[in-house]
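Please keep the sequence and the structure in view while reading.

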Amino acid sequence: MPKINILPAKVYNRIAAGEVVDRPYSVVKELVENSIDAGATEIEIYIEQGGKQLIRVVDNGCGIERDDLQSAFLPHATSKIAQAEDLDNIFTLGFRGEAVASIAAVSKMTITSKTAEGKRYSLHSNGGELGTIKEVVGDNGTEVCVEMLFFNTPVRLGFLKTDKGEEADITNFVSRFILSRPEISFTYYVNGKKTLQSFGGGAAEALVEVYGAATLAQCYEINAERHGISIRGFIGNQGYFKANKSYQSIFLSGRYIQNLTISSAISNAYASYAMKRQYPFYVLYIDVPGEIVDVNVHPNKADVRFADNKIVYGCIYTILSAVLDGQPQGMDYVVRRPTASVYADEGVQEAVEPPVLPSYPPVFKPEPKPETIEETPALTYEEAKKEVASWAPTITVKKSEVALPFEGVGKQRSRVGGSGEKLTYVSSFAKTKVGKKEKTRDDSGLREIFPDLYYRDTDMQVKDSKPQTEEQNVFEENKRFLQDLERKNKQNRIDINSCTFSGKLFNTYLMYECGDKVYIIDQHAAHERLIYDRLKEQMDARRVMVQPMLVPYEFEVNAAEQAFIEAHLGEIREIGFNVKQIGMDRFMVNAIPLDLQYINLEAFFREILGNIEGYNSIRLTDLLKDKLATAACKAAVKGGMDLTRAEIDELFELMDGDMGLKCPHGRPVVVKVARTELEKMFKRIV
Ligand code: ADP
Ligand code: MG
């Protein structure tokens, strides 16, 4: 493991602080996380008397060097980050450097450790007072032994549950670790008795260890990716529900998290199957590109913020509904189907006559189509070029405005509420990015997902609003954050006249030389982004270009769907779909947004109507943003397409020197390579 650094104040002040070790399970959690961060493949956990008497964690990880043993006990001492910039790229579970110090202060703690190169040393701390380092014998790895927790803080000791109660909480945490790291072998002993054991044999094995084989038989195993977001794991079938939410685990990049965006997406996907007080079972492993997630948000590290909640929501919802509703593409996501009967689970009555699962689609009788529209090949470059040319002016106008890397994120928005008072909404993502310790409220996630609901609800805003001064501070900090972003963005903006085109690679990457830097542009990602921006702008401005259809599309609805469409007709038309009722249970679409002409209309309306309940709270337009990203992707020139020089120049001009662009899925459009980096590669300089 790299050296342990003592973080300078300017770094730790940016970290959402407040780690409190208040219960034995939090000690277990911190110690096991350290073992995982140390790269251990085998971890043993021993507890006695609910962890009050003893917590011992033994690992075969990288170990701590002799010179670092003392530092490990100091506050703000961590080998995992060294500078503020590292906070943006955290791959470890810990990074605050607080846990060992704060546990040592309230217990008798001994760390014994050996790196592959060094000898094994041991250091004891009595309530934070360090002894001397002793050489001992033993294997590589670390053992942390915590005895007599809270011996010097009787008040905290008094707040603990009974031994059994504390033990149950620890066991829950260990189970969660087993699920979160299926490749690690865990052994867990309670009062000397082996209680749980996993062998590091993968996710299905871990699930069976924790929940039993009968649960696995009730689950779909899925493996899917959309927009750079990958989702793997297990979801209960359409009839397998639990009576509470404790059977739901989400691991984001290996970290257990609770996040309202994700959990609402999942429960909405199950909405048509679950009855009241039935909760789906799931263990999901989600990975998103690092730049769209901010882990440094909550002291207990269980929450995260996404740069764009809607994309995350859309991806997860789409994938899970595709699987549950039996849509054709859902099959691509399924690795293993449930082997047990859908209705045979405990808690779910065996139906005398099994109810018919909602078929998919429930009521549509669409005209047969020769081929699915979704599969239509992408535009030829000539067509795409015409398209680009037609909207060039819009883009130019947009670029003169402030362009932030993540739209909607970090924007300080205000609007006048119904009662005439001015309401402010401040993105919590922006707030946390500046390292402000955040006041958490249960509805904060909801507020993020459905900000508009919250704007309107003036009562709630007034009641919950923080004291003026605190609000003011947040406002000020936000402003600073935005200015920083803008500055950073400006730094990413270059004068296109100072660039020369210097070739392309693999018909995919365009290279431009600019002073002592080379910019490498992904032609597909760039074009995709430009199209997406335009579509989104049009939609936001309600200036959607509409394309009349030669052959109108007709569909049938049931009574609930009919009522839904009627209630939302204005909104549906506003976003560019000209929908008309042509019979008791029939509607006709005779014009659609020009940019969505390649979407599969049948699937689109099916998706909307299949989730009527879900849309009571989510705005239809939000769903469309996801569709826009897909449409942009389809319309954009592809990687591997041989562009002419004129076409390349045109694309580059449209980018207007914005080298900080990200594609709608969050991937970078441009990569910058400095001349010095190249020279280092060739060892011209060191
Ligand atoms: P953090 O995990 O945030 O870095 P901790 O206080 O939990 O802070 O740990 C401090 C440091 O002690 C770690 O950064 C790491 O270098 C070292 N350490 C703690 N536990 C272990 C372990 N099991 N194996 C190797 N190093 C460890
Ligand atoms: Mg730690």
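In this predicted model, 21 residues lie around ligand 1, and those that come nearest are Asn-34, Thr-78, Ser-79, Lys-80 and Gly-97.

Sorted by class, the shell around ligand 1 consists of 9 nonpolar, 8 polar and 4 charged residues. Three elements, α2 (24-37), β4 (77-78) and α4 (99-105), each contribute at least two residues to this shell.

| Residue | Polar atom of the residue | Distance to an oxygen atom of ligand 1 |
|---|---|---|
| Asn-34 | side chain | 2.8 Å |
| Lys-80 | side chain | 2.7 Å |
| Ala-99 | backbone | 3.2 Å |

How much of ligand 1 does the protein bury? Ligand 1 taken alone exposes 530 Å², and the protein buries 97% of that area.

The second topic is a pair of helices. Helix α6 covers residues 163-180 and helix α7 covers residues 203-211. The two pack with their axes 8 Å apart, at an angle of about 165°. Angles over 145 degrees count as roughly antiparallel, so α6 is roughly antiparallel to α7. The crossing in which α6 passes α7 is left-handed.

Terms used. Residues numbered from 1 in each chain as written. Chains lettered and ligands numbered in written order. Predicted model: local features only at pLDDT ≥ 70, side-chain atom pairs only at ≥ 80, totals over all residues. Heavy atoms only, no water. Near = heavy atom within 4 Å. Polar contact = N/O pair within 3.5 Å; in protein donor to acceptor, adjacent residues only side chain to side chain. Areas by Shrake-Rupley, 256 points an atom, 1.4 Å probe, with all protein chains shown as cover. Helix = DSSP H or I, 4+ residues; strand = E, 2+ residues; numbered from the N terminus. Nonpolar A, V, L, I, M, F, W, Y, C, P; charged D, E, K, R; others polar. Axes fitted to C-alpha atoms, helices over the stretch in contact; angles between N-to-C directions. Parallel < 35°, antiparallel > 145°, perpendicular 65-115°, else oblique. Left-handed = near helix turned anticlockwise from the far one by under 90°.
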